[in-house]
Amino acid sequence: MCKQLEISRDAYYKRLHREVPYEGLENIRLAELIKEYDERFCHILGYRRMTSWINHFHHTRYSKNRVHRTDITVKRH
């Protein structure tokens with residue numbers, strides 16, 4: 001498999017057994033919140049209002065740009 005992907009076995013196993021950094025876990029959590037709010041409000045919230053609601057109800061301080069970037073990667077529409 002490593003030959004087909006043109007990567008070394010060392011790189012494959014290093015990636016396979018790595019620990020996810022804290023920022024990665026926060027991004028996953030934010031993506032789950034975006035999906036939850038998007039489904040709850042039937043796709044009517046934009047990223048600005050979604051940021052306000054997430055920050056208010058979950059006592060967080062995400063920036064509008066971070067929510068917008070995560071929203072694009074989630075591809076909620």
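Of the 77 residues in the protein, 26% are buried (buried means under 20% relative accessible area, exposed over 50%, and partly exposed in between, with a 1.4 Å probe and protein chains only). This is a predicted model, in which local features need pLDDT of at least 70 and side-chain atom pairs count only at pLDDT 80 or more, while totals for chains, interfaces and linings use all residues. Residues are numbered from 1 along each chain as its sequence is written, and side-chain values use heavy atoms, with hydrogens and water left out. The C-alpha trace spans about 45 × 25 × 20 Å along its principal axes.

Thr70 belongs to helix α5, which covers residues 64–74, and it counts as buried because its relative accessibility is 9%. The side chain of Thr70 reaches the backbone oxygen of Arg66 at 2.9 Å. Leaving aside residues up to four places away in sequence, Thr70 touches Asn27, Leu30, Ala31 and Ile34, a contact being heavy atoms within 4.5 Å.

Pro21 is placed in the loop that runs between α2 (9–16) and α3 (22–40), and with a relative accessible area of 39% it is partly exposed. Between the C-alpha atoms of Pro21 and Glu32, which are 11 residues apart along the chain, the separation is 17 Å.

Glu6 lies in the loop between α1 (2–5) and α2, where its phi is near 60°, a positive value in a residue other than glycine. Glu6 is exposed, since its relative accessible area is 73%.

Cys42 is found in the loop between α3 and α4 (47–58), and although it is not a glycine, it has a positive phi of about 55°. With a relative accessibility of 56%, Cys42 counts as exposed.

Note on methods:
Helix = DSSP H or I, 4+ residues; strand = E, 2+ residues; numbered from the N terminus. Polar contact = N/O pair within 3.5 Å; in protein donor to acceptor, adjacent residues only side chain to side chain.
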